[in-house]
There are 2 protein chains.
Amino acid sequence: MTNFGVLGTGIVGQTIGSALLDLDHQVMLGARDAANEKASAWAAEAGERASHGTFRDAAGFGEIVINATSGDGTLPALEAAGTDQLAGKVVIDVSNPLDFSNGFPPSLSVPSTDSLAERIQRAHPSARVVKTLNTMTCGVMVEPARVPGEHQVFVCGDDVDAKVTVGELLGSLGWPADRVIDLGGLTGARATESYVLFWVYVRIALGSNDFNIQVHRA
Amino acid sequence: MTNFGVLGTGIVGQTIGSALLDLDHQVMLGARDAANEKASAWAAEAGERASHGTFRDAAGFGEIVINATSGDGTLPALEAAGTDQLAGKVVIDVSNPLDFSNGFPPSLSVPSTDSLAERIQRAHPSARVVKTLNTMTCGVMVEPARVPGEHQVFVCGDDVDAKVTVGELLGSLGWPADRVIDLGGLTGARATESYVLFWVYVRIALGSNDFNIQVHRA
């Protein structure tokens with residue numbers, strides 16, 4: 001059993017949090033305000049291993065911290081969580097830097113010479129940031145079998161041991177090692193974050209969130 | 001038999017040109033200079049249905065024009081081809097706006113609020129621009145069976161009839177209609193061009209160009 005701090009109380013944070021509870025972990029959902037109604041309702045329904053608090057509370061609670069905030073809320077949320085609370089911890093970033101300021105479909109809010117994950121890492125150098133799971137809808141993140149086929153998940157990060165920890169977590173969620181593609185260091189987040197713009201247009205074309213890709217190779 | 005003008009004399013242009021000859025079409029390879037050595041050597045080896053000339057020659061020759069230049073050469077090449085030579089024609093854009101000015105891996109040279117394909121369309125409003133095939137290496141473009149699996153190709157463009165023409169061409173290259181995903185209007189090029197940054201990192205991870213993706217859906 002591991003203590004997870006999940007930052008973000010939207011559908012992504014709640015879905016991941018509930019999946020972690022199903023795996024017998026303990027989860028604190030973190031929000032800007034300790035009294036966040038969505039987090040409070042989620043924790044009340046989710047049972048005794050579920051709790052909620054501020055971003056800082058959740059980061060402190062978690063042995064592993066998951067950033068499930070929206071892209072524009074990510075850096076403020078992690079600042080509120082506190083560098084001291086994140087130090088030495090695996091921080092799994094599943095967020096995407098989508099810019100909806102010009103409507104839908106969105107564009108990317110981070111240029112392709114950088115990534116949101118790298119910005120997190122620079123702001124919190126002692127955190128062990130791993131980017132993963134951001135290339136699919138949250139229902140598929142935690143239940144890959146809902147989409148048929150040998151589709152895959154991507155990971156990247158500068159801390160090799162942190163990626164091993166994340167690989168084990170992914171395995172417990174239904175992603176065996178042969179369906180995890182390691183894109184190397186955290187600069188690989190430029191790839192998976194850019195991919196998300198592609199994801200948005202495929203989502204429009206298919207009319208469904210429930211899809212994912214398989215890389216076939218010769 | 002259709003006359004194709006292929007702009008660009010690198011591996012992409014030559015590979016597409018040779019594949020079109022194998023399908024009994026006529027192909028003129030276009031370069032900045034009529035005396036381009038690569039184009040001349042290709043045409044000499046490729047036989048009597050192959051020729052070469054300037055960008056303008058090739059655009060004038062083609063009933064269909066294919067832009068296979070590098071991303072940074074695309075807009076100058078099409079300007080040299082001439083708006084008058086492109087008018088009313090299907091222009092298939094397979095290029096990618098990769099910026100290698102800071103080394104490898106590249107970044108994208110067009111922000112995610114725009115795309116190279118849209119820039120081509122704006123510069124040549126009477127051309128019927130269709131973006132496709134840019135999400136894979138050129139060997140897979142013209143021989144999808146070299147990669148196993150039901151992987152797919154993406155198309156987008158504002159001219160529906162032009163997309164039908166391109167769909168027929170894709171079919172002749174080995175892409176049946178059920179493996180062609182239509183991303184809608186030409187703004188979909190923002191998706192497939194952003195995807196290419198992802199492609200680059202997957203290529204590094206796999207150590208091979210010979211791969212492509214399949215979208216699985218629930």
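**Backbone geometry, sheet pairing and salt bridges**

In chain B, the loop that runs between helix 1 (11-22) and strand 2 (26-31) contains B:Asp24, a residue that is not glycine and yet has a positive phi, with a value near 75°. The model described here is a predicted one. Most residues other than glycine have a negative phi, and most peptide bonds are trans. B:Asp24 has a relative accessibility of 48%, and therefore counts as partly exposed. A positive phi, of about 65°, is also found at B:Leu133, which is likewise not a glycine. B:Leu133 is placed in the loop of chain B between strand 8 (128-132) and helix 7 (138-142), and its relative accessibility of 7% means that B:Leu133 counts as buried.

In chain B, B:Phe104 and B:Pro105 are joined by a cis peptide bond whose omega is about -5°, and B:Pro105 is found in the loop between strand 6 (98-99) and strand 7 (107-108) of chain B.

The sheet of chain A is open and is built from 8 strands in the order 3-2-1-4-5-8-9-10, with mixed pairing. Its edges are formed by strand 3 (50-54) and strand 10 (180-182) of chain A, each of which pairs on one side only. On average, and with direction ignored, neighbouring strands of this sheet are turned by 25° against each other. Within the sheet, strand 1 (residues 3-7) and strand 4 (residues 64-67) of chain A are paired in the parallel sense over 4 bridges, and A:Phe4 has A:Ile64 of strand 4 of chain A as its bridge partner. Helix 2 (residues 37-46) of chain A lies across strand 2 (26-31) and strand 3 of chain A, and runs at about 160° to strand 3 of chain A.

In chain B, strand 4 takes part in two of the pairings considered here. Strand 1 (residues 3-7) of chain B is joined to strand 4 of chain B by 4 bridges, and the two run parallel; in this part of the chain, B:Leu7 has B:Asn67 of strand 4 as its bridge partner. Strand 4 of chain B also pairs in the parallel sense with strand 5 (residues 90-93) of chain B, again over 4 bridges, and the partner of B:Ile64 in strand 5 of chain B is B:Val90. In a regular strand, side chains alternate between the two faces of the sheet. Strand 4 (residues 64-67) of chain B is covered on both faces, with B:Ile64 and B:Ile66 buried on one side and B:Val65 and B:Asn67 buried on the other.

Over all chains, the count of salt bridges comes to 22. One of these bridges is formed by the side chains of A:Arg146 and A:Asp210, at an N to O distance of 3.4 Å. This pair links distant parts of the chain that are 64 residues apart, since A:Arg146 lies in the loop between helix 7 (138-142) and strand 9 (153-157) of chain A, and A:Asp210 in the loop between helix 9 (189-206) and strand 11 (211-217) of chain A. A:Arg146 has a relative accessibility of 35% and so counts as partly exposed.

In chain B, the side chain of B:Arg146 meets that of B:Glu143 in a salt bridge, with N to O at 3.9 Å. Both partners are partly exposed, B:Glu143 with a relative accessible area of 41% and B:Arg146 with one of 35%. A further salt bridge in this chain is formed by B:Lys163 and B:Asp182, whose closest N and O atoms are 2.9 Å apart. Because B:Lys163 belongs to helix 8 (residues 160-173) and B:Asp182 to strand 10 (residues 180-182) of chain B, this pair ties together parts that are 19 residues apart in sequence. The burial of the two residues was also considered: B:Lys163 is buried, with a relative accessible area of 13%, whereas B:Asp182 is partly exposed, at 39%. In chain A, salt bridges that share partners join A:Asp93, A:Lys131 and A:Glu193 into one network.

Notes:
Residues are numbered from 1 along each chain as its sequence is written. Chains are lettered from A and ligands numbered from 1 in the order in which they are written. This is a predicted model: local features need pLDDT of at least 70, side-chain atom pairs count only at pLDDT 80 or more; totals for chains, interfaces and linings use all residues. Side-chain values use heavy atoms; hydrogens and water are left out. Buried means under 20% relative accessible area, exposed over 50%, partly exposed in between (1.4 Å probe, protein chains only). Two strands pair if DSSP finds at least two bridges between them. Axes are lines fitted to C-alpha atoms, for helices over the stretch in contact, and angles run from 0 to 180 degrees between N-to-C directions. Contact means heavy atoms within 4.5 Å. A salt bridge is a side-chain nitrogen of Lys or Arg within 4 Å of a carboxyl oxygen of Asp or Glu.
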